[in-house]
Amino acid sequence: MMDSSHTIQLNGAALTIDPGETIASLLQKLALDPRQVAVERNREIVPRAHYGETRLERADAIEIVTFVGGG
Amino acid sequence: MNENDPADPWVLAGRPLHSRLIVGTGKYRDAAETKACLQASGAEIVTVALRRVDLQAKDNLLDWIDRDRYTLLPNTAGCYTADEAIRTLRLARELGIAQMVKLEVIGDPKTLLPDNEQTLEAARILLDEGFVVLPYCTDDPIVCRKLEAMGCAAVMPLAAPIGSGLGIRNPHNIRLIVEQAKVPVIVDAGVGTASDATVAMELGCHAVLMNTAIAHAKHPVHMAEAMRLGIVAGRKAFLAGRMPTRMYAQASSPSHGLIE
């Protein structure tokens, strides 16, 4: 009984991802430069060096943040 | 390029600085206006915020801001608890830009006044984790004393609520804070026009941090320059040692030799 669809929460919105998706592949799909973002997975910061090997799992809550203008 | 007086540097967390104006990068019309204002301000340090990435955005602030010229100071704007602020700054550190951090923990969305209690709690934990902390706080000498005692690299008391443009509401307290502090005092928030920044410097503050005063001026680039000049003027006036105030007049022209 294989569920082939994976849904995660990305920045508060539901997103369907491929099985085997990693943070690195997700960033690539989103056209994001890994050096310009920081990533949290289930409230834990994922070090950049681990993006390639960190597999996303169903119901993961991912936050991808960057710097913006502010006072 | 930078007309700041090289003979009057100040030191922040071991780093000598010439500009006494720190500016925010928010609320400008676009990247071009932001860049022009930063340049006119002569600032060496600029604040930035941490937010969810905009997946529709064409570019990123990190693409166009000159990192050789400006040191980015991440803030914790939007954080209402110590936990949120700590989480934000850990993410900033993961982004590799957190040599110094601006800690702000807000207590109320209408006034955006800092929650001193949560700020103290966050500062303690952040200092423990090795962050260099510049805390935004109320103009309360006791809170400033506590923040300094725990190891913050500066204290940043407000002039007035963020974005209010009201100028220094309590110059007496700012003076008390300056008197007792052994770390730099940076007035942060509530500045509205150049004279507000001048007053801060005349009270003995080391620097002024502002965003809205420039971004919401009718001509932001001109205001950025006005602020730069106002701060230079205020600092010179402070170093010159102002005359005493008097209850009554004292003539400026000689009282003898009057024709009769």
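This is a predicted model: local features need pLDDT of at least 70, side-chain atom pairs count only at pLDDT 80 or more; totals for chains, interfaces and linings use all residues.
Q: Which strand is joined to S8(B), and how many bridges join the two?
A: Strand pairing is read from bridges, with at least two needed for a pair. Here strand S7 of chain B, residues 133–137, is joined to S8(B) by two bridges, and the two strands run parallel.

Q: In what order do the strands of this open sheet come, and is the pairing parallel or antiparallel?
A: The order is S6-S7-S8 in chain B, three strands with parallel pairing. Strand S6 (101–103) and strand S8 (156–157) of chain B are the edge strands, as each pairs on one side only.

Q: Which helix lies across S6 and S7 of chain B, and at what angle to S7(B)?
A: Helix angles are taken between N-to-C directions, from 0 to 180 degrees. Helix H4 of chain B, residues 116–128, lies across those two strands and runs at about 175° to S7(B).

Q: How many residues does each chain bring to the contact?
A: Chain A brings 17 residues and chain B brings 28 residues. On the side of chain A that touches chain B, strand S3 (38–41) and strand S5 (61–69) of chain A each supply at least two residues. S5(A) gives the most, seven residues. By type, this side of chain A divides into nine nonpolar, six polar and two charged residues.

Q: Which strand of chain B is joined to S5(A), and does it run parallel or antiparallel?
A: Strand S4 of chain B (residues 45–52) is joined to S5(A) by five bridges, and the two run antiparallel. Phe67(A) stands opposite Leu50(B), which belongs to S4(B).

How values were computed
Residues are numbered from 1 along each chain as its sequence is written. Chains are lettered from A and ligands numbered from 1 in the order in which they are written. Two residues are in contact if their C-beta atoms, placed from the backbone, lie within 7 Å. Helices (H or I, at least four residues) and strands (E, at least two) are DSSP runs, numbered from the N terminus. Ala, Val, Leu, Ile, Met, Phe, Trp, Tyr, Cys and Pro count as nonpolar, Asp, Glu, Lys and Arg as charged, and the others, Gly among them, as polar.
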